[in-house]
Amino acid sequence: MSQTETYYRPPSEADSFIIRVMHGCPHNACTFCNLFKDVPCKVLPLEEVLSGLEQDARDIGPEHLHLLTSIYLEGGDPLAINSKYLIAVMERAKDLFPALTRFACYATARFTAKKTQAELNALAAAGLRRVFVGLESGSADLLRQLRKGCTPDDLIRVGQMLREAGIEMDVSMMLGIGGQEHSREHALSTAGLLNAICPECVRIRTFVVKNGTEIGADYLNGRFMLMKPHNILRELRLLAENIEGRMQLLSEHWTNFIHFNAMLPEAKLQLLEHIDKHLLIAEQEFRPIGISAEKS
Ligand code: SF4
């Protein structure tokens, strides 16, 4: 399968029907990401997407059309696409699939911030229910170093606009992305940013160095050191301790040294105890750390 044929979607969208609207990522500059390095960003022509939907409806057959209730709009950042295009796709899909009630997609703060409140409201009215945003860190310095293309203030503003539109914000953050040197600042500023945004769900990832990335080159040259499991767990503990808002904290990813699904603030104490128990496990019992050739 070529890179352009690889589809990416969050695990929680496993039951959604996938409709590609974009190849690659319009930002494609994050220093830790190798997902779309060799994939030129291209929005699929609207006619192609609409005729693809019609073909899908024929393939699924009239007796099964009601089974399709959710569509995942696939691409590095569909919210970078013109809102009229996205609404046309969603409206046509709803015409074709009568039980369809929701759409979801990846989104970056960089491009979502370019939408007006009226556009986000219109996207929500057309059925956009959830966007997945890679927040990574609440530290302005780290976001700049990682070339995320947004600041904590951008993320707060985008979070407020999405909330006002009624679109759920599902964010991911990356433990260890600042290395040991920035660990404390990363944990505290990320907790502060999450408290300001109060996203519906925070997905925890642990940073894994990827081949073909700028951080990968730094790692190979000895300029970046990966944090050890216990220090990652301490960073997580500091983050969790300082979250005060109401949000789901979910750690289900293979990169993580601990797994849980905690609704904060109710389950905070329980979560801290869970982390403390993992801190008693010898470091060699956790997965090995190092560079990965995987794209993720
Ligand atoms: S992390 Fe997301 S926004 Fe950044 S380059 Fe990769 S796909 Fe694009």
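Which residue is the bridge partner of I18 in β4? The legends below take up this pair and other parts of a predicted model.

**View 1. Strands β1 and β4 pair in the parallel sense.** Four bridges join β1 to β4 (residues 70-74). The partner of I18 in β4 is Y72. Strand β1 spans 17-20 and is an edge strand of its sheet.

**View 2. Eight strands form an open sheet with mixed pairing.** The order is β1-β4-β5-β6-β7-β8-β10-β11. The edges are β1 (17-20) and β11 (260-264). Each edge strand pairs on one side only. On average, neighbouring strands are turned by 20 degrees against each other, direction ignored. Helix α10 (residues 268-278) packs on this sheet. Helix α10 touches β10 (247-251) and β11. The direction of α10 makes about 150 degrees with that of β11.

**View 3. Strands β7 and β8 are joined by six bridges.** Strand β7 (residues 168-175) runs parallel to β8. M174 stands opposite R205 in β8. Strand β8 (residues 201-206) is mostly covered. Of its six residues, five are buried. In a regular strand, side chains alternate between the two faces of the sheet.

**View 4. Helices α2 and α4 pack against each other.** Helix α2 covers residues 83-96, and helix α4 covers residues 117-126. Their axes lie 9 Å apart, at an angle of about 10 degrees. Angles under 35 degrees count as roughly parallel, so α2 and α4 are roughly parallel to each other. From α2, the contact uses S83, L86, I87, M90 and E91. From α4, the contact uses E119, A122, L123 and A126. By class, the contact residues are six nonpolar, one polar and two charged.

**View 5. I289 sits in a loop and is buried.** The loop lies between α10 and β12 (291-292). Around I289, 20 other C-beta atoms lie within 10 Å. A residue counts as buried at 20 or more such atoms, so I289 qualifies as buried. T255 is 34 residues away from I289 along the chain. The C-alpha atoms of I289 and T255 are separated by 9.4 Å.

Technical notes:
Residues numbered from 1 in each chain as written. Predicted model: local features only at pLDDT ≥ 70, side-chain atom pairs only at ≥ 80, totals over all residues. Axes fitted to C-alpha atoms, helices over the stretch in contact; angles between N-to-C directions. Helix = DSSP H or I, 4+ residues; strand = E, 2+ residues; numbered from the N terminus. Parallel < 35°, antiparallel > 145°, perpendicular 65-115°, else oblique. Contact = placed C-beta atoms within 7 Å. Nonpolar A, V, L, I, M, F, W, Y, C, P; charged D, E, K, R; others polar. Pairing = 2+ DSSP bridges. Buried ≥ 20, exposed ≤ 12 C-beta atoms within 10 Å, placed from the backbone.
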